[in-house]
Amino acid sequence: MANQRIGVLEGDFIGPEIMKEALRILRVMEERSPFAFEIVPLEAGGQAYDKYGCHLPADTLRKAETCDALLKGPFGGPPEALASPKWSGVEQGAILPLRKHFRLYTNLRETKLFDSLLYLSPVTEHLIKDVDLLIVRELTSGMYFGEKQERVVNGERVYSDAEAYSESEIRRIAVRAFEYAKTRKNKVTLVAKSNVLKSSVLWREVVAETAASYPEVENDYMHVDNAAMQLILNPRQFDVILTSNMFGDILSDEASVLSGSIGLFPSASLGDGPFGLYEPIHGSAPSIAGRDIANPISAILCVALMLRYTFGEEAEAARIEHAVQQTLELGYRTQDLFCGGTDDPDKLLGTQQMGETI
Ligand code: ATP
Ligand code: MG
């Protein structure tokens, strides 16, 4: 088998620190499996801006097109630096165009709880035990891509962002959600806001039509405000949550907190083929960068998702997930997972030590 080409976008701030650990895992895996790959370094984000004056150089896109999958660290800068074009333009200049360019309309964000971390959750243990939910977020349309306007009306500034969805955009992601539900617990909950948003009414109509082809899958609906509450009150009721670009962004950060830390979760962005973009759900965390304290587990689990969804290497993916689980069970913690009391200070690890231990 020819080498698989994996494009690596390191990201900003903690990005390079955690991606280094993800690549360490990949190398270890390569040593003892027939899976062979080649790393293709790609420049984008704030780093690229310094060098080339743009967030996503044309050369990066060209090289990315020759890859089978992309592993990406978080892009972005500190909120207080948003006035600088280097950081204010990174979402619109690199993150959104990358997803759009490769037509990665399906974003998967799975919240699985680690039994050994249940005590860290802000929600009581008996409410979250056995939570296993998958957010299927639409990624290439909706408000993040809708028409943006800056106007002056009656002497004051009015800025707007349009939320627009077409039937076909909703249908293709709805089909994905129902297909995933069939491999899980057979339930899809559509989350929208159909009492006030026109686009949400279309989501309801198209998802109801799609559901008719999946009689074996239970299908229900929740307004997003209620869903935000239910995620904390009764997260076990969910299997697959199907939702729009913006609601999915917000709900997945919320869902990650059930586990105790946002530093644990990867995401997969997929289109119609095996090509995928794999990135942590969190941002570049400037405030903890350069101190070897970021949790690399989100990036390491990105490797597992890549092996599963793009390369079909389920056994290797499961092995990586198992190694993470075991490391946590043995009591090893990065700082975001460490809470004085019962945790063993000798098992508090830096980013690199955590990667090595896994
Ligand atoms: P974005 O807009 O790019 O999603 P954000 O403003 O939501 O960024 P993050 O960068 O995700 O912010 O950081 C949110 C919080 O989570 C910060 O306190 C950060 O330190 C913490 N955090 C994020 N990722 C990690 C990680 N891998 N390990 C430890 N803490 C993390
Ligand atoms: Mg965020």
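Which residues point one way from β12, and which the other way? Gly276, Tyr278 and Pro280 point one way, Leu277 and Glu279 the other way, and all are buried. A residue counts as buried if 20 or more other C-beta atoms lie within 10 Å of its own, as exposed if 12 or fewer do, and as partly exposed in between, with C-beta atoms placed from the backbone.

## Basis of the model

This is a predicted model, in which local features need pLDDT of at least 70, side-chain atom pairs count only at pLDDT 80 or more, and totals for chains, interfaces and linings use all residues. Residues are numbered from 1 along each chain as its sequence is written, while chains are lettered from A and ligands numbered from 1 in the order in which they are written.

Helices (H or I, at least four residues) and strands (E, at least two) are DSSP runs, numbered from the N terminus.

Strand β12 covers residues 276-280; five of its five residues are buried, so the strand is largely enclosed by the rest of the structure. In a regular strand the side chains alternate between the two faces of the sheet.

Two strands pair if DSSP finds at least two bridges between them. Strand β3 (residues 69-72) pairs with β12 in the parallel sense over three bridges, and Leu71 stands opposite Tyr278. Strand β11 (residues 266-270) runs antiparallel to β12 and is joined to it by five bridges; here Leu270 stands opposite Gly276. β11 and β12 form a hairpin, with five residues between them.

The expected span is 1.5 Å times one less than the number of residues in the helix. Glu316, Ala317, Ile320, Val324 and Thr327 are buried in α12. They cover an arc of only 110° around the axis, which puts them on the same side of α12; the arc is that of the directions from the helix axis to the C-beta atoms. The face turned away from this buried side carries the exposed residues Glu314, Ala315, His322 and Glu329. The buried residues of α12 pack against α1 (14-31), α11 (297-309) and α13 (351-357), where contact requires C-beta atoms, placed from the backbone, to lie within 7 Å. Gly331, whose phi is positive, near 95°, follows α12.

The 18 residues of α1 should span 26 Å at 1.5 Å a residue, and its end C-alpha atoms are 27 Å apart, which agrees. The buried residues of α1 include Ile14, Ile18, Ala22, Ile25 and Met29. The buried residues of α1 pack against β1 (4-9), β3, α11, α12 and α13.

## Residues in loops

The loop between β12 and α11 holds Ile293 and Asp292. Ile293 counts as buried because it has 20 C-beta neighbours inside 10 Å. Leaving aside its neighbours within four places in sequence, Ile293 is in contact with Ile288, Thr334, Gln335, Gly350 and Thr351. Asp292, with 16 C-beta neighbours inside 10 Å, counts as partly exposed.

Most residues other than glycine have a negative phi, and most peptide bonds are trans. Asp292 has a positive phi of about 55° although it is not a glycine. Asn186, also not a glycine, has a positive phi of about 60°; Asn186 lies in the loop between α7 (167-182) and β8 (187-192).

In the loop between β4 (106-112) and α6 (125-128) lies Thr124, which counts as exposed with 9 C-beta neighbours inside 10 Å. The C-alpha atoms of Thr124 and Ile232 are separated by 9.6 Å, although the two are 108 residues apart along the chain.

Technical notes. Two residues are in contact if their C-beta atoms, placed from the backbone, lie within 7 Å.
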